Amino acid sequence: MDTTIRIYSFGYEKLKTYLFAALFILGNLLLPQLCHLTPFGGPVLLPIYFFTLIGAYKYGIYVGLLTAILSPLTNYGLFGMPNEAMLPIILAKSILLAIFASLFAFRLKKVSIWILLAVILSYQVLGTLFEWAWMKDFSLALQDFRIGFPGMLIQIFGGFFVLKALSKI
């Protein structure tokens, strides 16, 4: 069920980098607002990561990193979410996601459920270790695996279908 995908990597000097990053940041602003309409929507659905995954996978590390860094900071500045204590953790996980998504995409030049599973597990495992070191609470660090499992599934399956739809572009 692999789909070959055209991967782009625009440098920081390209206007396209900032246009695509702005589009994905907007998605990462709107989707969390929508998800927060349900109880525990953020921690369960993990919406802040979805467009970072898409942007980094399809358009490379530069779009991915801009989206990964500016999405949580903009959300925090506009809406106070994530809360200040979680901001460094969300940033770390977002950056890890951008790195892994762009790396897997660049190396493999295709997308599949299994590849996205590897991307999600990579950033979540390292992100959990970072969260544990930062918060000094292993139980809290496992939160994404305990209650964020639906969000990880959305990233894997939703990400696959969005990337597959974008594969011809």
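Reader: Is L46 buried or exposed?
Author: This is a predicted model, in which local features need pLDDT of at least 70 and side-chain atom pairs count only at pLDDT 80 or more, while totals for chains, interfaces and linings use all residues. Residues are numbered from 1 along each chain as its sequence is written, and side-chain values use heavy atoms, with hydrogens and water left out. Buried means under 20% relative accessible area, exposed over 50%, and partly exposed in between, with a 1.4 Å probe and protein chains only. The relative accessible area of L46 is 6%, so L46 is buried.

Reader: What is the phi of L46?
Author: L46 is found in the loop between α2 and α3, where helices (H or I, at least four residues) are DSSP runs numbered from the N terminus. Most residues other than glycine have a negative phi. L46 is a residue other than glycine, yet its phi is positive, near 50°.

Reader: Is F40, which also has a positive phi, buried or exposed?
Author: F40 lies in the loop between α1 (15-35) and α2 (41-45), and its phi is about 55° although it is not a glycine. Its relative accessibility is 63%, so F40 counts as exposed.

Reader: How are α5 and α8 oriented to each other?
Author: Two packed helices are described by the angle between their axes and the distance between the axes; axes are lines fitted to C-alpha atoms over the stretch in contact, and angles run from 0 to 180 degrees between N-to-C directions. For α5 (residues 113-135) and α8 (residues 149-165) the angle is about 135°, with the axes 9 Å apart. Angles under 35 degrees count as roughly parallel, over 145 as roughly antiparallel, 65 to 115 as roughly perpendicular and the rest as oblique. The two helices, α5 and α8, are therefore oblique.

Reader: How many nonpolar residues does the contact of α5 with α8 have?
Author: Contact means heavy atoms within 4.5 Å, and among the residues that meet are I113 and L116 in α5 and M152 and F160 in α8. By class, this contact has no charged residues, three polar and, as nonpolar, 10.

Reader: How close do the axes of α1 and α3 come?
Author: α1 and α3 are oblique to each other. Their axes cross at roughly 55° and come within 7 Å.

Notes
Nonpolar A, V, L, I, M, F, W, Y, C, P; charged D, E, K, R; others polar.
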